Amino acid sequence: MGDIFIIIRNISVGIFLLSGLGFSFGIGLAFIAKVFHVEIDPRIEKIIEILPGVNCGACGYPGCSGYAEALVKDNVEINLCSPGADEVIKNIGDILGKTAETKLKLVAKVFCLGDDTVALKDYDFNGEEDCTTVYNFFQGDKSCKYGCVGRGNCIRICPVNAIKRDQYNRVWINADECIGCEKCVSVCPSKVIKMVPQNGGYFVACSSKDPGKIVRKICKKGCIGCKICEKMASADRIAVIDNLAEVNYKSKIDLHNAAIKCPSDVIVPIINQTSFMVDNKNNKKEVKQDNNYDNKSNDKKNNTIQ
Amino acid sequence: MIDIKQLIAISIGTIFINNFVLSQFLGLCPFIGVSKKLDSVMGMGLAVTFVMTMASLVTYLIYHFVLKIFEIEFLKIVSFILVIAALVQLVEIVLKKTIPVLYNALGIYLPLITTNCAVLGAAVLNIDKEYSFISSVVHGFMGGLSFLLALFLMATIRERLELADVPKPFKGVPIAFISAGLMALAFLAADKAMLSAITGE
């Protein structure tokens, strides 16, 4: 008989105490929440919604929420978001009551055309397929030490998948899809990715400062510093410094003829760089994609297309 | 009052021998979920340590000054869950206002570990092993550190597994579990009997 009383007593004390505890915690938390309430400017929320949400950091702030806070609290410029472009600038301007110009749209390009069919390799690498790892071994497995390592760190980090790679380890960036966040620039160990203006026309897809004689031996698509481009356009527009041609984007001279006459075909268009042939309709500069090139690393390890 | 020998035994024991994740298999959900990148590991590990320490503290008090007095010790698991959940909410609210920097660093992880079995496990183990107050708190703290250690090791391994040539059916979570199992085997190497004999724990 006494047992039943104990059971009933236990149950009732348990229910009473636990509900009491829960109730008091609830009230306590509600009270604390009121006391420790944090005021958030509603404009910050609105701005976060219109920002692209890529969290790339191109604006210089930690993520889109960081930029939104800086805009409202510190009154920074409203045109720092490069993925956002005009639409976002206009929307932010509407909320904050400011206007600004679009900044010049910069896109990333890979300054190297040295894939497995055109570039000589120094050694076979059988480790992690990671650019930094391969680069640590004598600056990459290609003979050209300025070139793209081809393992795709940039591809993995691109937030919009604008970087492509094919089975020959050719890496290129689609300028239309690039949002200019510059993540690929910082992750590339050999620093062959650089920013160029989207409307710059052409760029020299090579980073090799080796003299022409050496470049001819180790890569079919390297700049040899012959200066033919300088003669076709002008030295103001494209100049050879340290055996490497560089385009000056402040000048607007057309580089089409220089691109056609370049003996290595390294002057390629910024937009529509899907193939490496310079204007098939116009000209005969067709690049042979043959595997007969004397390439020491001939085993195709089935690199997956990213 | 403060038995240094027992505290040291608890510390070494919890981190290496009875590792919360690799030996006692608690807290596997955030262990697999948050260990993909090394950056989030520190935030998660510190958040868990923080919550475990506070939970050990509060649940000890609740057990000895409420449950025992009213003789309803059998309600310990339910009441611990209630108390831990309320405690984490309280911490999050206070942290957001007082130390925003800390909140930005580990605030997002706090809801994830509210009723994590690792936190509850630490609280219940304190009671089962009949630790004193200081020992309970230290046990909670070291439990959090053991979680941090396991998480750190796992994240470094998983980052390399991302780039390795793993067979397609195993990519991602399956190979992570296999690695975790191998790590658990490695931690078995810590000889419990030997260390128990030395410290008398």
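**Close-up views of a predicted two-chain model**

With 8 C-beta neighbours inside 10 Å, B:E130 counts as exposed, and in this predicted model that residue is the starting point for the first of the views described below.

**View 1. B:E130 sits in the loop between α6 and α7 of chain B.** Although B:E130 is not a glycine, its phi is positive, at about 55°.

**View 2. Helices α6 and α7 of chain B pack with their axes 10 Å apart.** Helix α6(B) covers residues 117-128 and helix α7(B) covers residues 133-163, and the angle between them is about 150°. Because angles over 145 degrees count as roughly antiparallel, α6(B) is described as roughly antiparallel to α7(B). The two helices cross in a right-handed sense. On the side of α6(B) the contact is formed by B:A118, B:A122 and B:N126, while α7(B) contributes B:S136, B:H139, B:G140, B:G143 and B:F147. Sorted by class, this contact contains three nonpolar and five polar residues, with no charged residues.

**View 3. Helices α3 and α4 of chain B pack at an angle of about 135°.** Here helix α3(B), residues 39-67, lies with its axis 10 Å from that of helix α4(B), residues 76-98, and the two helices are therefore oblique to each other. The crossing of α3(B) and α4(B) is right-handed. Among the residues that make the contact are B:V51, B:M54, B:A55 and B:V58 of α3(B), together with B:F80, B:V83, B:I84 and B:L87 of α4(B). By class, the contact of α3(B) with α4(B) has 13 nonpolar, two polar and one charged residues.

**View 4. B:E71 lies in the loop between α3 and α4 of chain B.** B:E71 is not a glycine, yet it has a positive phi of about 60°. This residue has 12 C-beta neighbours inside 10 Å and so counts as exposed.

**View 5. The largest nonpolar core has 55 residues.** The residues with the most contacts inside this core include A:V110, A:V204, A:A205, A:C206 and A:I267. Leaving aside residues up to four places away in sequence, A:I267 touches A:Y202, A:V204, A:C229, A:L255, A:A258, A:A259 and A:C262. Another core, of 39 residues, lies apart from the largest one, and B:V83, B:V88, B:V119 and B:A123 are among its members. In soluble globular proteins, nonpolar side chains tend to be buried together.

**View 6. A:K213 is placed in helix α8 of chain A.** Helix α8 of chain A spans residues 212-218, and A:K213 is exposed, with 10 other C-beta atoms within 10 Å. Although A:K213 and A:H256 are 43 residues apart along the chain, their C-alpha atoms are separated by 26 Å. For the setting of this view, chain A as a whole contains 10 helices and eight strands, and of its 306 residues 32% are buried. Among contacts in chain A with a separation of 6 or more, 58% are between residues 24 or more positions apart.

**View 7. Chains A and B meet through 16 residues of chain A and 16 residues of chain B.** By class, the side of chain A that touches chain B is made up of 10 nonpolar, three polar and three charged residues.

Terms used: Residues numbered from 1 in each chain as written. Chains lettered and ligands numbered in written order. Predicted model: local features only at pLDDT ≥ 70, side-chain atom pairs only at ≥ 80, totals over all residues. Core = buried A, V, L, I, M, F, W, Y, C linked by C-beta atoms within 7 Å. Buried ≥ 20, exposed ≤ 12 C-beta atoms within 10 Å, placed from the backbone. Contact = placed C-beta atoms within 7 Å. Axes fitted to C-alpha atoms, helices over the stretch in contact; angles between N-to-C directions. Helix = DSSP H or I, 4+ residues; strand = E, 2+ residues; numbered from the N terminus. Parallel < 35°, antiparallel > 145°, perpendicular 65-115°, else oblique. Left-handed = near helix turned anticlockwise from the far one by under 90°. Nonpolar A, V, L, I, M, F, W, Y, C, P; charged D, E, K, R; others polar.
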